[in-house]
Structure formats: structure tokens, C-alpha cells
Amino acid sequence: MRRTRPLLITALIGSLLLAPAAADASAGPPDAVPGASGVGDPYLPLAGNGGYDVVHYDLDLDYTPATRQLKATARILAKATENLSRFNLDYQGPPITSVSVNGRRAPYVHEGGELVISPRSALRKRVPFLVEVSYAGSPQAIDDPALGVYGWVPTDDGAAVLSEPDGARSWYPVNDHPTDKASYSIRLTVPDGVTALASGEPLGRAVSRGGRTTSTWVSREPTASYLVTVAIGEFTVERSRTKSLLNITAIDPKVSATDGGLHQTTATVTDWAAGLFGRYPFSSIGGIVDKVGVGYALETQTRPIYDGRLPSTSLIVHEMAHQWYGNSVSPATWREIWLNEGFATYAEWLWSEQHGGDSAQARFDRIHARPDTDPLWRRPPGDPGRDDLFTGAVYSRGAMTLHALRQTIGDERFFTLLKRWAAEFRHRTASTADLLALAEKVSGKELDALFTAWLYTSGKPARP
Ligand code: TRP
Ligand code: ZN
């Protein structure tokens with residue numbers, strides 16, 4: 001079933017293009033309304049858009065590292081959720097050269113990070129439509145005073161993409177919010193001799209023609225826009241297959257001449273995590289080590305990006321744990337970021353505990369011993385604010401919250417909860433309220449006091 005999806009999408013796109021175009025605007029529904037410019041995220045009000053759901057992104061990217069020029073076409077298959085007179089995409093990339101909807105040129109306005117498209121005839125609720133946007137120029141990374149550098153990041157020999165939380169708009173037009181996951185196909189064309197990778201699985205072999213090489217990458221499982229990655233440059237690539245999973249790791253030889261065990265450790269860690277969290281949610285694993293210069297790693301789907309050096313085992317555990325917690329079970333809003341970082345950090349603690357290192361209890365105790373005046377206790381992780389998405393408390397107090405929960409409900413129920421959380425919200429989004437409800441169901445205990453103290457109350461919480 002899953003394997004046929006890209007074919008189905010190709011057929012759908014074809015039939016949309018062949019369908020006789022509605023003759024004039026009057027063919028659209030009379031009660032059409034403009035789609036919203038955001039999905040209502042409390043931290044990022046313009047992230048995502050209303051009025052439609054994206055089914056699939058087909059991205060055709062041609063990049064020349066020496067000139068940093070990108071020439072691209074994005075084909076977006078979406079389904080209207082209301083009768084739409086116009087709709088928005090999030091976009092802050094190179095200049096647009098053309099926009100069409102269902103094969104007909106469409107007027108558009110591009111202002112700030114919003115691309116507003118007015119199809120010639122209004123879109124009908126529940127009916128799929130195809131948007132095609134072509135653009136060319138030099139993509140710029142987003143450089144935010146609080147969140148750092150993210151999005152499409154040019155490197156000295158290519159580019160790397162790390163888009164959390166809303167950087168996808170720097171390189172393709174997108175409904176840029178985890179609540180609208182979609183499948184992806186990405187075609188990368190680069191000069192012969194340059195290596196190009198993306199998240200997901202390669203489709204066939206790379207093809208070279210006229211001095212340029214094209215590779216195609218497919219993500220069949222639902223993918224949040226911030227987790228889509230591309231890496232272009234000089235890389236040493238290793239491929240293998242473990243059980244059902246393809247493993248692809250790539251290392252910039254300027255970072256390291258050897259892989260330092262990344263390939264094997266990623267496979268080992270994934271197996272370990274699947275034992276604790278349940279079946280791996282995607283079709284391949286791996287990792288990319290590149291000189292990006294942003295100073296952080298990102299759990300890009302199937303293939304995390306590690307910046308500047310070979311990752312420690314603990315960092316591999318963190319990023320691979322995100323494949324379950326963050327990538328498959330994604331935050332319903334960016335306020336829920338602790339559901340990503342608290343779980344990934346707690347996975348590091350569990351790895352340590354089960355591999356001869358400190359126990360989770362020891363780590364909890366060490367952090368809890370910090371004085372009441374430590375800044376860690378100032379801002380509770382349940383609502384860190386947009387500028388502090390990646391602040392220490394989100395990670396460590398988030399992990400402590402899970403440990404306090406484990407202490408309260410016991411190991412057996414806690415580990416059942418970890419699996420059920422991943423299973424019940426697989427490939428979806430979830431909130432802290434969903435976790436509280438599931439934890440209460442699994443344990444039969446009232447847990448809101450614990451959640452309130454650990455996630456929403458400033459000051460050091462009492463031990464459970
Ligand atoms: N989500 C990343 C991780 O924990 C971290 C991250 C993303 C980050 N963007 C950031 C950290 C910006 C600091 C600044 O793996
Ligand atoms: Zn993380």
C-alpha cells in the first residue's frame with residue numbers, strides 16, 4: 001500500500017492537470033472565503049495557514065554550490081477544507097517566477113513571509129488542488145536573535161537544511177506547521193561530483209546528464225515541514241540495511257576522515273529505542289555530519305544533522321529518540337516543545353541507566369540539588385515562550401518531569417505509557433493535555449497536580 005503512494009500522487013497530479021479547467025471564476029463556489037494566514041500557534045501566529053491540508057510536496061531543486069544559486073519548482077498537492085477564494089503559503093525564499101493553481105497561472109502577492117495566491121476560480125471544499133510555484137535565486141538562512149541560524153544554510157561546499165521551528169519557508173513554499181504533515185518527494189540536481197542527500201529514502205539511482213547529477217528522495221510517512229532536510233556538499237556516504245531499515249550516514253571529510261562509529265551506533269541506538277518506545281515510525285535511519293556552523297544538531301527526519309563534529313552516543317540517542325517523540329508524535333503547538341526535548345533528554349538518561357552509566361535517578365538528584373536560586377527553576381518548561389523554545393529547563397526540567405511521573409506511577413506503567421504515547425499519537429500531533437489524559441488512563445491516578453508543579457509553576461518543585 002504505502003509503496004504505491006508516490007505513483008498514486010503522480011496519477012492524481014496528472015488527472016488534475018488533464019481535467020478541463022473551469023472556464024471562469026463563476027465556476028467556483030459563491031460562498032468562498034480567504035484562508036487564514038496562520039493556524040493560531042500561540043508562539044508563531046503566522047506559521048501555517050488555514051483552509052487546506054497538504055497531501056504531498058514534490059520539490060525539484062537545482063543547486064550550484066559555487067554561486068549559491070537555487071532554481072526550483074515546488075508542486076503542492078492539497079485539499080481545501082473550506083470553499084476558498086484565496087489561500088496563503090508560508091514563503092521567504094528566492095524570488096518567485098511563476099505561480100499556477102490546477103495548471104492555470106494565478107495572481108499572487110508575496111509580502112513578508114506570506115505568499116497569498118488567488119486562483120482564477122475559487123477552490124471547492126474537499127476537492128484536491130495542485131499549486132505550482134517556481135523560483136530562483138540565492139536562499140538565505142533565517143538569523144534570529146533568540147533562535148539562532150536556521151532554514152536553508154549555505155556552507156563552504158554546498159548547503160544544509162535545519163528548519164526548526166519555522167525555517168522551511170526559507171527554501172520552499174509551505175504550510176509551515178507540524179499540524180499539517182505531508183509526504184514528500186525531493187529531486188536534487190547538483191554539479192557532477194557534488195553529493196546531495198535528503199531526508200527519506202532514495203528512489204532509484206542518481207542520474208547524471210549534461211554535467212549535473214539528479215537524485216530523488218521520497219518520504220512516504222507523514223512529515224512535519226521543519227524536519228525535512230537537504231544536505232549538499234562533499235560527503236563520504238555509507239549505506240547498509242539492518243532488518244527492514246535502510247541506514248544512510250554521510251560525513252563531511254573536512255570534519256572527520258572516519259565515521260567514528262556513527263553508522264553502527266545509529267543502528268544500535270535505533271534497535272534499543274524500538275525496544276523501549278515501540279516500532280520505528282519511518283522507513284530509514286542515518287545521520288549527516290557537516291560543517292554547518294549553527295552550533296546545534298537537529299533531529300531531521302530519518303537522518304539527523306550533526307554540526308561540526310562527530311556526535312557522542314548520547315547525542316545520537318537524543319536525535320534518534322526524537323524520531324518517535326517530536327517527529328512521529330509532534331507538538332500540537334510550539335508551546336508544547338517540552339514534549340520533544342523532555343522526552344529526547346529522558347531517552348539519554350535511560351540509555352545511560354541501561355548501559356552502565358548514571359541512573360536516571362542520579363541525574364534527577366544531581367539537578368534537583370541545584371539551589372532554589374538557580375535560573376533553571378525560574379521558567380517552567382510547559383510554556384517557555386517563543387524566544388526560549390530551546391532553553392535549558394525545556395530539556396532538563398522536561399526530563400525531570402518524566403522522571404517524577406515514573407516515580408509516581410511506577411516503572412511498569414511508565415514504560416507502558418512511553419509505548420502507548422508513541423503508538424496512539426503515531427504520525428500525528430499531541431499536547432500536554434493529551435499526555436496527562438493518557439498517563440491518568442494508564443496509571444489510574446490523578447496526575448494534574450504533578451503536571452502543574454513540574455510544567456507550569458516557577459520555582460523548584462518538590463520531589464515526587
Ligand atoms: N531541537 C534541537 C535538538 O534538541 C535543538 C535546536 C533546534 C536548537 N534549534 C535550536 C538549540 C536553536 C539551540 C538553538 O536536537
Ligand atoms: Zn532535541
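In this predicted model, a polar side-chain atom of Tyr-395 sits 2.8 Å from an oxygen atom of ligand 1. When ligand 1 is taken alone, 370 Å² of it is exposed, and the protein buries 84% of that area. The side chain of Glu-341 brings an N or O atom to 2.9 Å from a nitrogen atom of ligand 1. Ala-297 takes part through its backbone, where an N or O atom lies 3.3 Å from an oxygen atom of ligand 1.

The residues around ligand 1 are Leu-147, Glu-164, Tyr-296, Ala-297, Leu-298, Glu-299, His-318, Glu-319, His-322, Glu-341, Phe-390 and Tyr-395. Sorted by class, this shell holds 6 nonpolar, 2 polar and 4 charged residues. Helix H3, which spans residues 313-324, gives the most to the shell, with 3 residues. Seen at the level of domains, domain 2 (235-323) and domain 3 (330-455) each supply at least three residues to the shell around ligand 1.

How is the protein divided into domains? The assignment gives domain 1 (1-20 + 33-226), domain 2 (235-323) and domain 3 (330-455). In the contact between domain 2 and domain 3, 17 residues come from domain 2 and 17 residues from domain 3. Taken over C-alpha atoms, the centres of domain 2 and domain 3 are separated by 23 Å.

Is Arg-169 buried or exposed? Arg-169 counts as buried because its relative accessibility is 14%, and the cut-off for buried is under 20%. Leaving aside residues up to four places away in sequence, Arg-169 touches Asp-90, Tyr-91, Gln-92, Gly-93, Ile-142, Tyr-150, Val-174 and Asp-176.

How far apart are Pro-128 and Thr-81 in sequence and in space? Along the sequence, 47 residues separate Pro-128 from Thr-81, while in space the two are 9.5 Å apart, C-alpha to C-alpha.

Note on methods
Residues numbered from 1 in each chain as written. Chains lettered and ligands numbered in written order. Predicted model: local features only at pLDDT ≥ 70, side-chain atom pairs only at ≥ 80, totals over all residues. Heavy atoms only, no water. Near = heavy atom within 4 Å. Polar contact = N/O pair within 3.5 Å; in protein donor to acceptor, adjacent residues only side chain to side chain. Areas by Shrake-Rupley, 256 points an atom, 1.4 Å probe, with all protein chains shown as cover. Helix = DSSP H or I, 4+ residues; strand = E, 2+ residues; numbered from the N terminus. Nonpolar A, V, L, I, M, F, W, Y, C, P; charged D, E, K, R; others polar. Domains from an automatic or database assignment. Buried < 20%, exposed > 50% of the residue type's maximum accessible area, 1.4 Å probe, protein only. Contact = heavy atoms within 4.5 Å.
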